[in-house]
Amino acid sequence: MRILIIDGNKLQHRAMHAYSGLTNNVKPVSIIYGMVLLTNHMIKQFKPERVYVCWDTARHKKRLELLPGYKGKRSRHLRTPEEYAAIEEQRKAVMKLYNGLNVWQLYGPGMEADDWIYMLTLKHEGDKIVIVSSDKDFNQLLTSKLTIWNPNKSLLIHKGNVRGHFGYSENECVDYLSLVGDSSDNIPGYRGMGEETTKIFLAQHGSIKRFLENKQLEFRKIDRAKLEEVYKRNRLLIGLKAFYNKYLKNHEFAFYSKKPTFNKSLLIATCKEYNIKTFLKKGFTKQFKQLK
């Protein structure tokens with residue numbers, strides 16, 4: 001089976017900016033219009049048999065226990081309460097619309113989209129998967145059957161080109177980000193380990209674990225105790241497999257509905273409410289109707 005897994009919050013952010021200012025003469029509709037349109041384009045491009053959209057609800061409490069500042073400095077545009085209400089209204093509308101377009105969704109209290117996405121890769125192990133996200137953390141999941149589409153850069157990332165674009169392999173991803181840190185999630189790395197130094201470290205020692213286990217190995221002025229502390233924290237904050245194995249192994253999927261079903265009446269009503277004509281054009285819903 002061919003699977004498309006979409007990072008919902010990331011696509012929402014892209015839709016807001018790509019179609020900024022789009023209204024139905026009264027209400028903003030950039031999220032509704034942009035997300036459904038972009039999803040339609042990606043279904044045409046990748047021809048999946050099933051599509052999942054995974055949503056964030058909150059930062060996972062276990063990650064906050066590990067690092068209270070986790071994702072704490074993400075840039076936010078100053079918005080009025082009315083703007084936030086409009087965003088939430090659009091998100092609820094697009095979730096309902098996705099459900100009526102045969103798109104599966106994962107949405108549960110206290111869960112992050114990253115974890116749902118990882119759990120889906122386990123569920124569909126052996127299937128051909130494309131993850132849609134601009135988040136570099138997903139590079140750790142690359143396999144011969146799993147690729148990543150970055151819609152912001154129109155870039156398909158796979159095992160053959162990940163090192164050329166990022167400077168590390170899929171197997172080095174967690175160690176690399178653990179050392180340099182991940183500013184987008186406000187995760188500090190090991191002080192003094194920049195990108196080039198980290199590449200040299202991994203080229204020489206292969207992994208942080210190997211370096212820590214072999215007391216004879218040395219690298220510049222690395223303090224083993226400090227490195228062990230940083231790695232113990234960051235491998236759980238960044239490593240999706242490690243976090244799943246420790247905290248989520250018995251966590252059940254929380255689907256938006258038992259099974260999404262194509263609903264033409266809902267589509268027409270939503271398009272009428274938000275004055276969107278594109279979705280009602282002949283052939284627009286063909287790809288959605290064919291999803292399982």
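This is a predicted model: local features need pLDDT of at least 70, side-chain atom pairs count only at pLDDT 80 or more; totals for chains, interfaces and linings use all residues.
We can start with the strands, where E4 (residues 128–132) has a partner on each of two pairings. Strand E1 (residues 2–7) runs parallel to E4, and 5 bridges join the two. Within this pairing, Ile-6 is found opposite Val-132 of E4. Strand E5 (residues 146–150) also pairs with E4 in the parallel sense, here over 4 bridges. As for solvent, E4 is mostly covered, since 4 of its 5 residues are buried.

Attention now turns to the helices. Two packed helices are described by the angle between their axes and the distance between the axes. For helix H7 (residues 173–180) and helix H8 (residues 195–205), the angle is about 140 degrees and the axes are 10 Å apart. H7 is therefore oblique to H8, an angle over 145 degrees being required for roughly antiparallel. The crossing of these two helices is right-handed. On the H7 side, the contact involves Asp-175, Tyr-176, Leu-179 and Val-180, which meet Glu-195, Thr-198, Lys-199, Phe-201 and Leu-202 of H8. Sorted by class, the residues of this contact comprise 5 nonpolar, 1 polar and 3 charged.

H5 contributes Asp-114, Asp-115, Tyr-118, Met-119 and Leu-122 to the contact, while H11 contributes Leu-240, Lys-241, Phe-243, Tyr-244 and Leu-248. Of the residues in the contact of H5 with H11, 7 are nonpolar and 3 are charged, with no polar residue.

Thr-285 belongs to the loop that links helix H12 (264–274) and helix H13 (286–289). The relative accessible area of Thr-285 is 11%, so this residue is buried, the cut-off for that class being under 20%. Which residues is Thr-285 in contact with, leaving aside its neighbours within four places in sequence? They are Leu-101, Phe-262, Leu-267 and Phe-279. One of these, Leu-267, falls within the residue range of H12 (264–274).

How values were computed:
Residues are numbered from 1 along each chain as its sequence is written. Side-chain values use heavy atoms; hydrogens and water are left out. Buried means under 20% relative accessible area, exposed over 50%, partly exposed in between (1.4 Å probe, protein chains only). Contact means heavy atoms within 4.5 Å. Two strands pair if DSSP finds at least two bridges between them. Axes are lines fitted to C-alpha atoms, for helices over the stretch in contact, and angles run from 0 to 180 degrees between N-to-C directions. Angles under 35 degrees count as roughly parallel, over 145 as roughly antiparallel, 65 to 115 as roughly perpendicular and the rest as oblique. A crossing is left-handed if the near helix is turned anticlockwise from the far one by less than a right angle, and right-handed if clockwise. Ala, Val, Leu, Ile, Met, Phe, Trp, Tyr, Cys and Pro count as nonpolar, Asp, Glu, Lys and Arg as charged, and the others, Gly among them, as polar.
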